[in-house]
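Hi,

Here is the model I promised to pass on.

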Amino acid sequence: MEQFIISISREFGSLGHEIAEQIARHYNLTLYDRNILNEVANSRNVDVAPLHEYDEERISRIFHRTIRGMSTHISDHVAQLQFDFLKEKAESGESFVVVGRCSECILKEYKGLISIFIRGDKENKIRQVMEAHHLTRSEAIYMIRKKDWRRKEYHNTHCDYKWGDSRNYDLTINSSRLSLDECVQLLIDYIDRRYKKIYEDVKNKME
Amino acid sequence: MLAQILAITIFLVMFILVIIDKWERYIITLICAAITLISVFGIGLHSFQAIIDTLNVTSIFELQFWYSAGESSEITSGINWSTIIFIAGMMIMVEGMAHVGFFRWLCMRIARLVKYKVVPIFITFMILSSFLAMFIDSITVILFLAAVTIELSQLLKFNPIPMILAEVFCANLGGSATMCGDPPNIIIGTSLGYSFTDFVTNTGLIAGICLIFVVLYFYLVFRKELSKNKEQQIDLSDLPSPESAIKSKSGFAISTCIFLLAIVLLVTHAMTGLSVAFIGTFIAILTLIAAGKSALMLLKKVDYKTLLFFVGLFVVVGGLERTGILTLMSNMIGKISGGNFYVMLAIIIWISAIASAFIDNIPFAATMIPVINNLAATQGISLSVLAWALAMGTDIGGSATPIGASANVVGIATAAKNGHIIKWGRYCKVMVPATMIVLVLTTILVYIRYL
């Protein structure tokens, strides 16, 4: 079986994580998200809680310093630990689904990478966040803004392309236009076609 | 007046940009230096001679730059090429030592000597950190010590953060003991004409006394955390042998000899008349010859960005100096202290320390040298005592916060790369009291000895 890595980036409240879970279940692949840090902490025998505090966190410019490429930006180090983990997994030939973590740009050199960005309509996202987190409308709006701003800052620090820019992804979909199952089905169809093409390309190359 | 406004504006913009840390520091200082040369010296002062004097290139071709024949070196202003050439030379020597595995061997050797017991490793690594930082830049010292500490922590099952914090503090303290230990000291020494021995017998003595209290302090603070896994059985055969760190036996022997020669030359440079620029160049040439085919690789590893940062910085500070801003600053310190030497010294030590805790201590020291020079001249007080106060304040103050000194950044980064997170709170909780202890001790010792 040829390696394929499904990278799913998402707006907060767009059901991106749920879609990633269903795709991972469909292909029987491991899903990597925040749990990467648990594996990193286990392998290095360190406490995981401080690592989670800096997960997908933007890099602050104030009260930090960089010397000869080494910096006091903890969020940068935590990001690098996750990038190293993902590269190691990709290098080992493992197929997996990964949510966020700049994976579409960190793993772009792997031919089996399929990158997807999931966005949603504002009202749908607000409704989704209100229900999932038991928040009022204004609280949900604040949470969406805050989370997306952080994700954008985090992504744009580590990648050349901007977060959500369609040129950076193989496929960008609006999850509000279809039901969750329809979105998953559409993506599975796309991934199957892409996998077939990747497989054929490898076969042709070998011949 | 225009020149003064321009000089101070450029200086403040440079400082803010360095703090923001968005662009490389050397790019900021070089651009600010170019603007200083054009706007302050050209447009403001209409003085081509000021540009020539600040660039100070001609000084390199004078005999006194390399050999002072027993006379005290001339007090220089503008770009301090002695500092830059010396640091470049030491960088090459240190790269040569690292290349053959000297530092890793030394750390592993000491760990074995104390039978891989955590608390003895903790204490000996603190002393080792101080000792190495007396002769080698603290970045390299922590780079290797922290890496070995993390490696040992995984094998011996202890938390490496306390040890890294203690090593960082001791590296900064050790750096204050000698002329070549910390960049502010090199700048102070070469700018004001002090020798290696002058530093050792003044700041070195203070740092030595403080080290005893610091080791005791860190031991008391961390003893419980380090003794957690005392009962755990460790298979010592799993531990790497110190000799495995050596990549080339002949290279290792030569590097060790060059290092020892550098120490001898530095210790005796007041007697031999050889300047630090000469020593740096000589040691670099020896290292490159010994490295053979690896010479080019060593040259590539030199941190040119830091050297260019210094070049730009000296020009911008030269702008402040030539427009009289620094004279105004020294007059202000004189006024505030009311001519009282006690108050003046306290101001120099504590303001330097507080400033160095938040901003880079190198530009701060470079700025303060003309200030204390003028202060000594106008107030009729000893320049050397002010110089020692400035050196201790800037070197020690940097330990208080994660961004205060290069060693802190390297320690935090090395730990974080391995998943050990040192947050601002965790860092300051331990390091601020240690800094306060050393600053209080320094103030008392300076008062007792010099007043």
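Before the rest, some housekeeping. This is a predicted model, so local features need pLDDT of at least 70 and side-chain atom pairs count only at pLDDT 80 or more, while totals for chains, interfaces and linings use all residues. Residues are numbered from 1 along each chain as its sequence is written, chains are lettered from A and ligands numbered from 1 in the order in which they are written, and side-chain values use heavy atoms, with hydrogens and water left out.

Helices in chain B

Helices and strands here are DSSP runs, numbered from the N terminus (helices H or I, at least four residues; strands E, at least two). Helix α10 of chain B spans residues 183–192 and is mostly covered, with nine of its 10 residues buried. Buried means under 20% relative accessible area, exposed over 50%, and partly exposed in between (1.4 Å probe, protein chains only). Among the buried ones are Pro184(B), Asn185(B), Gly189(B) and Leu192(B).

For axes, think of lines fitted to C-alpha atoms, for helices over the stretch in contact, with angles from 0 to 180 degrees between N-to-C directions. Helix α8 (residues 138–156) and helix α9 (residues 160–175) of chain B have axes that come within 10 Å and cross at roughly 160 degrees. That makes α8(B) roughly antiparallel to α9(B) (angles over 145 degrees count as roughly antiparallel, under 35 as roughly parallel, 65 to 115 as roughly perpendicular and the rest as oblique). The second pair is helix α18 (residues 341–358) of chain B with α22(B): their axes come within 11 Å and cross at roughly 155 degrees. Therefore α18(B) is roughly antiparallel to α22(B).

The nonpolar patch

Helix α22 (residues 424–450) of chain B also holds Ile437(B), which counts as partly exposed because its relative accessibility is 30%. Helix α11 (residues 196–226) of chain B gives the largest share, four residues.

Salt bridges

Over all chains there are 23 salt bridges (a side-chain nitrogen of Lys or Arg within 4 Å of a carboxyl oxygen of Asp or Glu). Lys125(A) and Glu11(A) form one of them, at 2.7 Å from N to O. The two are 114 residues apart, Lys125(A) in helix α6 (residues 122–133) of chain A and Glu11(A) in the loop between β1 (5–10) and α1 (16–27) of chain A. Both Lys125(A) and Glu11(A) are buried.

Arg194(A) and Asp170(A) also meet in a salt bridge, at 2.8 Å, N to O. Arg194(A) counts as buried because its relative accessibility is 19%, whereas Asp170(A), at 35%, is partly exposed.

In chain B, Arg322(B) pairs with Asp53(B), and their closest N and O atoms are 3.8 Å apart. Arg322(B) sits in helix α16 (residues 304–322) and Asp53(B) in helix α3 (residues 48–55), so the pair ties together parts that are 269 residues apart in sequence.

Finally, a network of salt bridges links Arg10(A), Arg34(A), Asp55(A), Glu56(A) and Arg101(A).

Cheers
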